[in-house]
Amino acid sequence: SDRYSLLILPGDGIGPEVMAEVVKVIDWLGAHRGMAFDVTQDLVGGAAYDAHGVPLTDATMAKAQAVDAVLLGAVGGPKYDVLDFAVKPERGLLRLRKELDLFANLRPAQCFDALADFSSLKREVVAGLDILIVRELTSGVYFGEPRGIHADDNGDNEGGRVGINTQRYTSGEIRRVARSAFELAKKRRGKVCSMEKANVMESGILWREETQWVHDNEFPDVELTHMYADNGLMQLVRQPRQFDVILTDNLFGDLLSDAAAMLTGSLGMLPSASLGAPMANGRPRAMYEPVHGSAPDIAGQGKANPIACILSFAMALRYSFGEGAAADALEAAVERVLAEGVRTADLMGPDGGTPVSTAEMGDRIVAALAAEA
Ligand code: NAD
Ligand code: IPM
Ligand code: MN
């Protein structure tokens, strides 16, 4: 059937504010483009902890397993920083990623022309930028065992404790995310740059060997290069347009994608798609979320930029529902509104522009969408 089921988890801080603008887009597509969305909303993160004492209930997890796609706002905030590790808001997000097995996290960074002067880098470095970071999302040091904080009283350790996390990757985990990166590169400019630290880490050596294996055996026509991740991050800010697809692990991908946000003008611009294996209906397991967090410093003030969340929904249209034309139209609507100088606070920069609230930005984007052919 062509009904699209969505679980919306607005979360904490600015999460509900930016998600409200996505709901306007969903409602518009339902009313004017005949798309049939079955939308359920639920709690995640601190909001779930406040209601249920856990950052994600089993019932919510079961709903996430049953839908075509999850849309998530953001989780976390200072109020929850004191909680036990196991019930911190971030654990809810990580449980969703792990249990849905969303191993490929797509984080595109595009510099819209209207914002080329807003980056902390020079216009000539970022103008026209269009890169895609593919971050492994279900393994590596985020999930490796052993982990924990333990007593470590060897008589020569002031404080007497040790904190442990483990970087661990299997060849299968590397190969499947590498395949995603190569497939995506084939539809773009045909280049993958893989980043690790094979000079210091055995997991990095395996990463390099397995990505090369997938390349040589399955994608010989895609260009594959390898870089140490420290150099890679430097290259990303030195000359970002040298890249097409960047393939990297969970932790390096987290750092690289926040840095990439600044190439686009604001962290409030970066969307993401987290994809897993195909479900019975052929659609991939999927969750869509902005790269940014709950932004406690601006929450509740109508200042948040909803574009990252709206563009994440555009990715849902494209990757979960095969609605490529609607995704293109939504992205074009965002571009048009930016070209008109409409600006949330994070985008107020050299051109003056028209300052708007979160809700006004959403309204302007829906109006621009309606004006698209
Ligand atoms: P953050 O991304 O929330 O904020 C970093 C800076 O960017 C802040 O100054 C914020 O105001 C600004 N910013 C972020 N999104 C914006 C938007 N849409 N519009 C305008 N400005 C925006 O990162 P942080 O401050 O390091 O973390 C805050 C909380 O969010 C923490 O609890 C963290 O764990 C959590 N977090 C959650 C996610 C997620 O849910 N996916 C991602 C990152 C951080
Ligand atoms: C992100 C966030 C998360 C991560 C946190 C909130 C668990 O920073 O999605 O980039 O580290 O993956
Ligand atoms: Mn992050």
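A:
**The annotated positions**

In the unreviewed UniProt entry, the annotation "binding site" covers Arg-97, Arg-107, Arg-135 and Asp-230. UniProt positions follow the numbering used here, feature names are shortened, and annotations may be inferred rather than shown by experiment. These positions spread over 134 residues of sequence and, in space, up to 26.0 Å between C-alpha atoms.

This is a predicted model: local features need pLDDT of at least 70, side-chain atom pairs count only at pLDDT 80 or more, and totals for chains, interfaces and linings use all residues. Residues are numbered from 1 along each chain as its sequence is written, while chains are lettered from A and ligands numbered from 1 in the order in which they are written.

Take Arg-107. Its place is in strand β4 (residues 104-110); strands are DSSP runs of E, at least two residues, and helices are runs of H or I, at least four, numbered from the N terminus. Arg-107 is buried because 23 other C-beta atoms lie within 10 Å. Buried means 20 or more such atoms within 10 Å, exposed 12 or fewer, partly exposed in between, with C-beta atoms placed from the backbone.

Leaving aside neighbours within four places in sequence, Arg-107 is in contact with Ile-133, Arg-135, Ser-257, Leu-270, Ser-272 and Val-291. Contact means C-beta atoms, placed from the backbone, within 7 Å. Among these partners, Arg-135 carries the annotation too. Val-291 is one of the residues around ligand 2.

Now Asp-230. It is found in helix α8 (residues 229-238). With 13 other C-beta atoms within 10 Å, Asp-230 is partly exposed.

Definitions and conventions: A residue is near a molecule or strand if its C-beta atom, placed from the backbone, lies within 6 Å of it. Two residues are in contact if their C-beta atoms, placed from the backbone, lie within 7 Å.
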